[in-house]
Amino acid sequence: KIIMFIKIKSFSAIVAQVACVLLSASMVHAKPLNYLILLADDISASTLGCYGSLNPHTSPQIDKLAGEGVRFTNMFVSEAMCAPARAELYTGLQPERNGCNRNHLPTNVGTKSVVHYLKDLGYRTGLAGKRHFSPQSVYPFESVKGFDPKCATRDPHPDNWEDVEKFMTRDSDEPFCLFICSVHAHAPWNAGDSSLWKLNELKLPAHLVDNATTRHYYREMLAEVRLFDDQVGTAYALLKKHKLDENTVLIVLDENGVGMPGGKWTTYDWGVRSACVMKWPESYEANFKTDAIAQYCDILPTLIDGAGGTVPSDLDGRSLLPLIKGETQAHREQAYFMFNNRDDRKVGPHFSSRAVTDGQYKLIWNLTPENMYGVAAISGIDFGKHNRGSDVPKVYGSWLDSMQEGDAHAAEMIKRYRVRPEYQLFDLNKDRWEMNNLADNPEHQPRLHQLKAGISAWMKQQGDDGHLTGVGIKYAETEFAE
């Protein structure tokens, strides 16, 4: 009896060991996930239907995808400029640590990007469309043709999906990561079908000046938002055509905000809040909306984690996979933002700003409040760069015209744009467009100091000196007029 017991026990142990081996083998040989990421260009989240668009018809494909996947309502980019946003996305590092802390600057040589991390995990990583990053050693993407790489040109080339389709289907045994980087809706705005909206029925964000010029270009911008939405629909259809949707993560991001006053180039919500919709394979059962705070630097760690890799501890980002799998409902306590401008009349006055949000309250700490805020691409007319022939300067120029014609709201919005007090505190739940500054309210002083301390700690962690070196161009109030 004793011998039989021992034999039975040994047999059970063998069965258990075999089961573990088989399970491990199945995990090792499980087909890895593919990644398809579509990145827009200068589209504020609030222009999309699933993010509360004021106007209809902007994003039916993205809205449908949001109903099938994960919609992040508190996803943010650290700096609302094209190059810094992309550098953060691809490196998992925020602007000061990756080196691209102003537009057009290169990333630090030696920095690893998504291409390197995923290559180590057996992936081929390609990019179609807009690049706007350097150097090549940091971003050695496989180039995929078919999409216009030039964002600031009129009449972009029609999309050609042939090479994208070839890239996705080239080797079924090799997982892929593909970024499709659109030029929509970067100015100039002259593509797409704007007849979907009637000018007199358009609803504008409260911080814009409501005149004929603003309405015209806002409608043209919405037409390009719809073009990006069409691209999302085509990409999803291709995945389904080749049955790749069963094993491919589809991610839709809108980069930074609209290139109009108060959006791109600022730390305002219209600039830094990003749309982020993810469609994971059905096995994740990820069909929900989350208010968890996240930033662009979290995307790369999520890709690494989903591919079975180990996320490096020195990245600023953290994997969103526990959130996506429902293992947690929280991610970050706060999100942080920055804006840096050079002291250059071709670019704009020297201006530095840092900001933070806890999801409800937002503090903007303007480090150079004595300087006029301005960006040549929008308000160059304020400091001698007369470029009102382009779409964006035309919008701002029309605001100046409205102000001179006695429009009180235009005068208020021009001042809001140019003159930034040291502290701006907003309750985003009650003040979506950040029009009511609570910074001088005694009731909110403890919160202001708490949020300011958070910004200081973040700057220290990032090695950020605030970009306060240099005298800066200090414009007098009398110099504001054209």
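**A first tour**

Colleague: What does helix H14 lie across?

Modeller: Helix H14, residues 445-462, lies across strands E9, E10 (351-357), E11 and E12, at about 60° to E11. Helices here are DSSP runs of H or I with at least four residues, strands are E runs of at least two, and numbering starts from the N terminus. Angles run from 0 to 180 degrees between N-to-C directions, with axes fitted to C-alpha atoms, for helices over the stretch in contact, and contact means heavy atoms within 4.5 Å.

Colleague: Before we go on, what sort of model is this?

Modeller: It's a predicted one, so local features need pLDDT of at least 70 and side-chain atom pairs count only at pLDDT 80 or more, while totals for chains, interfaces and linings use all residues. Residues are numbered from 1 along each chain as its sequence is written, and side-chain values use heavy atoms, leaving out hydrogens and water.

Colleague: OK, back to those strands. In what order do the four sit?

Modeller: The order is E9-E10-E11-E12, in an open sheet with antiparallel pairing. Two strands count as paired if DSSP finds at least two bridges between them. Strand E9 (335-341) and strand E12 (423-427) are the edges, each pairing on one side only. Neighbouring strands are turned by 15° against each other on average, ignoring direction.

Colleague: How many bridges hold E11 and E12 together?

Modeller: Five, between E12 and strand E11, which covers residues 361-366. If you want a spot to look at, isoleucine 364 has glutamine 424 in E12 as its bridge partner.

Colleague: And the eight-strand sheet, what's its order?

Modeller: That open sheet reads E4-E3-E5-E1-E6-E7-E2-E8, and the pairing is mixed. Strand E4 (142-144) and strand E8 (288-295) are at the edges with a single partner strand each, so one side of each has no neighbour in the sheet. The twist averages 20° from one strand to the next.

Colleague: Which way do E1 and E6 run, parallel or antiparallel?

Modeller: Parallel, joined by six bridges. Leucine 38 is opposite valine 252 in E6.

Colleague: Which strands does helix H3 touch?

Modeller: H3 (82-91) packs on the sheet against E1, strand E3 (124-129), strand E5 (176-181), E6 and E8, and its direction makes about 170° with that of E5. Helix H7 (212-241) packs on the sheet too, touching E1, E6 and strand E7 (273-279), at about 165° to the direction of E1.

Colleague: Switching topic: how much space lies in the largest pocket?

Modeller: About 540 Å³. A pocket is an open set of points on a 1 Å grid over the protein atoms alone, where a 1.4 Å probe fits, with protein on both sides within 12 Å along at least five of seven lines; its lining residues have an atom within 4 Å of a point. Points are joined across faces, edges and corners, and the volume is the space filled by probe spheres set on them.

Colleague: Which residues lie nearest its centre?

Modeller: Asn103, His104, Lys264, Trp265 and Ala377, out of a lining of 31 residues. E9, helix H11 (376-379) and helix H12 (391-404) are the elements that give two or more residues to that lining.

Colleague: What about the second largest pocket, how much space is there?

Modeller: About 370 Å³. It has 15 lining residues, with Tyr51, Thr73, Asp269, Arg273 and Arg432 closest to the centre. Here strand E2 (70-76) and helix H8 (269-272) are the elements giving two or more residues.

Colleague: You mentioned Lys264. Which side chain meets lysine 264 in a salt bridge?

Modeller: Aspartate 42, at 3.0 Å from N to O. Lysine 264 is in the loop between strand E6 (248-253) and H8, and aspartate 42 is in the loop between strand E1 (34-39) and helix H2 (60-68), 222 residues apart. The count comes to 19 salt bridges, taking a side-chain nitrogen of Lys or Arg within 4 Å of a carboxyl oxygen of Asp or Glu.

Colleague: Last one: which peptide bonds are cis?

Modeller: One runs from serine 134 to proline 135, with omega near 0°, and proline 135 is in the loop between E3 and E4. Another goes from alanine 187 to proline 188, with omega near 5°; proline 188 sits in the loop between E5 and H7. Most peptide bonds are trans.
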